[in-house]
Amino acid sequence: MKKAIMLLALALAVPVGLVAAPRKVPTAALKALKVTRGKPITTGIVFMDGKYIPPPYVVERYGTAIRINKIQVTGPLIAWDEFLKTQPGAKVVTSTSEVPGEAAPEEEEEEEEEAADDYIDDDDPLAALFDDEPAPAKKASKPAKKAAKRKPAGPRQVTTTKVEFNGTFEMNAASTKLVERINQRRTAIDQRLRNDGFYFFGSTYNGANGDANIAAKMLAALPDAMRSAGSPQELETACREKGLVFLGEKACRDLYNNRTDYVKLIDRRKKMEEAAQYKSLIKGR
């Protein structure tokens with residue numbers, strides 16, 4: 001019961017859904033929006049694609065995305081087209097094109113399938129111990145349909161939109177508000193790390209983050225799990241048993257590929273424990 005409550009508490013305490021970071025920031029966006037960079041941070045924990053990034057951390061808005069220690073950890077948080085829409089003379093152009101269609105199923109054929117009952121061992125001496133009623137007579141197997149064959153389908157229409165703007169981008173009230181939204185995300189990440197929280201970013205999957213308490217729980221269990229795991233599946237199982245439910249299959253695969261980082265994580269854990277003890281002593285005086 002206690003384990004179930006802990007799992008639920010961790011699941012609720014960790015916001016999941018950080019923007020994955022496979023896309024590059026457009027050069028035009030970086031040129032127009034520049035960079036907002038914070039001061040170095042010595043607290044917190046950061047992972048990118050399962051790779052531990054040691055502190056100090058510098059969190060920056062890099063055009064339309066977020067970088068930590070010059071590593072892009074999110075994709076563009078607001079599309080560059082949204083900024084272009086704020087410019088006088090910008091036009092939204094809609095176009096329609098044809099793309100090859102997916103294969104369509106042809107007429108299905110039927111074939112005889114072996115019944116599942118054919119694989120029951122009627123001579124199993126344990127079976128009778130659990131029978132409350134006489135076993136029903138076997139039914140004749142029914143023919144099963146083969147997987148449908150597929151034939152080429154006709155082309156389909158796809159509609160796309162893009163923003164055309166041939167002038168020089170200039171900041172205005174509307175574009176400034178968009179930049180402020182990205183800066184707010186940068187500030188939130190910065191503050192969580194300054195408060196000993198953690199971030200786990202992914203380039204092909206959503207990430208997770210948590211406060212200092214969850215970061216401590218993670219650091220207490222994860223390094224040893226990484227060291228002893230013999231496969232990504234074993235690591236995922238160990239993480240779930242320890243209550244680290246926010247580390248899913250893909251995250252555990254990346255952690256396993258970077259499992260030698262457990263040495264750095266153990267060192268990080270030791271330093272954080274020493275820092276906590278020092279703070280406790282200071283408060284006790």
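Predicted model: local features only at pLDDT ≥ 70, side-chain atom pairs only at ≥ 80, totals over all residues.
A pair of aromatic rings is described by the distance of the centres and the angle of the planes. Two of the pairs are set out below.

| Pair | Centre to centre | Angle between planes | Class |
|---|---|---|---|
| Phe 198 and Phe 246 | 5.3 Å | 35° | tilted |
| Tyr 199 and Phe 201 | 5.4 Å | 10° | stacked |

Phe 198 belongs to strand 14 (residues 198-201), while Phe 246 is in the loop between helix 6 (232-241) and helix 7 (249-257), so this pair ties together parts that are 48 residues apart in sequence. Phe 198 has a relative accessibility of 0% and therefore counts as buried. Phe 246 is buried as well, with a relative accessible area of 11%. One aromatic cluster is formed by Phe 47, Tyr 52 and Phe 200.

Charged side chains also sit over rings. The charged end of Arg 67 is 3.8 Å from the ring centre of Tyr 62, and Arg 259 lies over the face of Tyr 256 at 3.9 Å from the ring centre.

Helix 5 covers residues 212-228. With 17 residues at 1.5 Å a residue, helix 5 should span 24 Å, and its end C-alpha atoms are 25 Å apart, which agrees. At the start of helix 5, a side-chain oxygen of Asp 211 comes to within 3.2 Å of the backbone nitrogen of Asn 213. Further along, there is a kink of about 30° at Ala 221, shortly before the proline Pro 223. Both Ala 221 and Pro 223 are among the buried residues of helix 5, which also include Ile 214, Met 218 and Leu 222.

Key. Residues numbered from 1 in each chain as written. Heavy atoms only, no water. Helix = DSSP H or I, 4+ residues; strand = E, 2+ residues; numbered from the N terminus. Expected span 1.5 Å × (residues − 1). Bend = angle between axes of the 7 residues up to and from the residue. Buried < 20%, exposed > 50% of the residue type's maximum accessible area, 1.4 Å probe, protein only. Polar contact = N/O pair within 3.5 Å; in protein donor to acceptor, adjacent residues only side chain to side chain. Phe/Tyr/Trp six-rings, centres within 6.5 Å; stacked < 30°, edge-to-face > 60°. Lys NZ or Arg CZ within 6 Å of the ring centre and 35° of its normal.
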